[in-house]
Amino acid sequence: MKKTHYFLNGLLVFLALLMAVTAKADNKTLRSFVDGSYQQILVAHEGRPLVLVIWSLTCSSCLKEMSSLNEWRKKTPDVEMILLSTDDISEQAEVLNILQKHELDGLENWIFADDNAQKLRFQIDPRWYGEMPRIYFFNAKHERTGISGVLSEQEYRDRISSL
């Protein structure tokens, strides 16, 4: 009887910890960016300004800009920021590690999850050829401006203020 009591108590503690870890992880996951995901993002954020940041683990400028993204996010909390990693879904652990390191894992984060990356890029912007970092600024009407390269803080502020 005593062993059963200890076992049940241990099982309850384990389940409680598992639920807590799972609940925390739910806010810090990567969504799979597949055919149609870009339109899904636009519909979900309809009528609100939005910044879509496209980056990759292989882009040194992107990685250097992560700290700035966190600062910009804090300074403009009324503008939704979404991050999209163009890395393969098999690299999701490393992508999440970078996001956590820069306190960006609580944002809406996506990762390419389709073998045809060119098709996904084309759905985002037919005139974008994959150069990074790439940032799209959407006003409330979802008119967008796409910019490749690293932005200064002033450039970022100017773009945000025009939304």
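Helix α2, residues 37–44, has Ser37, Tyr38, Ile41 and Leu42 as its buried residues; buried means under 20% relative accessible area, exposed over 50%, and partly exposed in between (1.4 Å probe, protein chains only). These residues cover an arc of only 145° around the axis, which puts them on the same side of α2; the arc is that of the directions from the helix axis to the C-beta atoms. The model is a predicted one, in which local features need pLDDT of at least 70 and side-chain atom pairs count only at pLDDT 80 or more, while totals for chains, interfaces and linings use all residues. Residues are numbered from 1 along each chain as its sequence is written, and side-chain values use heavy atoms, with hydrogens and water left out.

**Overall architecture**

- The secondary structure of the protein comes to six helices and six strands; helices (H or I, at least four residues) and strands (E, at least two) are DSSP runs, numbered from the N terminus.
- From the N terminus on, the order of these elements is α-β-α-β-α-β-α-β-α-β-β-α.
- Of the 163 residues in the protein, 37% are buried.
- Among contacts with a separation of 6 or more, 71% are between residues 24 or more positions apart; contact means heavy atoms within 4.5 Å.
- The protein has an accessible surface of about 9,700 Å², and carbon and sulfur atoms account for 54% of it; accessible areas come from the Shrake-Rupley method with a 1.4 Å probe, and for residues only the protein chains shown count as cover.

**Helix α3**

- Helix α3 (residues 60–75) has 16 residues, which at 1.5 Å a residue should span 22 Å; its end C-alpha atoms are 24 Å apart, which agrees. The expected span of a helix is 1.5 Å times one less than its number of residues.
- At Met66, α3 bends by about 40°; the bend at a residue is the angle between axes fitted to the seven residues ending there and the seven starting there.
- Met66 is also one of the buried residues of α3, which are Cys62, Glu65, Met66, Leu69, Asn70 and Trp72.
- The cover over these buried residues includes the strands β2 (50–55), β3 (80–85) and β5 (134–138), together with the helices α4 (92–101) and α6 (153–161).

**Salt bridges**

- Eight salt bridges are found in a search of the whole structure; a salt bridge is a side-chain nitrogen of Lys or Arg within 4 Å of a carboxyl oxygen of Asp or Glu.
- One of them joins the side chains of Lys74 and Glu103 (3.7 Å, N to O). Lys74 belongs to helix α3 and Glu103 to the loop between α4 and β4 (108–112), so the pair ties together parts that are 29 residues apart in sequence.
- Lys74 is partly exposed, at a relative accessible area of 45%, and Glu103 is partly exposed at 47%.
- Another joins the side chains of Lys75 and Glu153 (2.7 Å, N to O). Since Lys75 lies in helix α3 and Glu153 in helix α6, the pair ties together parts that are 78 residues apart in sequence.
- Lys75 counts as exposed at 52% relative accessibility, whereas Glu153 counts as partly exposed at 35%.
- The side chains of Arg134 and Glu131 also form a salt bridge (3.8 Å, N to O), and a network of salt bridges links Asp125, Glu131, Arg134 and Arg144.
- Arg134 is buried, with a relative accessible area of 8%, while Glu131 is partly exposed at 33%.

**Residues in loops**

- Glu131 is located in the loop between α5 (117–124) and β5. Its C-alpha atom is separated by 9.2 Å from that of Cys59, and the two residues are 72 residues apart along the chain.
- Thr86, in the loop between β3 and α4, is buried with a relative accessible area of 19%.
- Leaving aside neighbours within four places in sequence, Thr86 is in contact with Ile54, Trp55, Ser56, Phe112, Trp128 and Met132.
- Asp114 lies in the loop between β4 and α5 and is partly exposed, with a relative accessible area of 22%.
- Not counting residues up to four places away in sequence, Asp114 touches Phe33, Asp35, Lys119 and Leu120.
- The C-alpha atoms of Asp114 and Ile89 are separated by 8.1 Å, with the two residues 25 residues apart along the chain.
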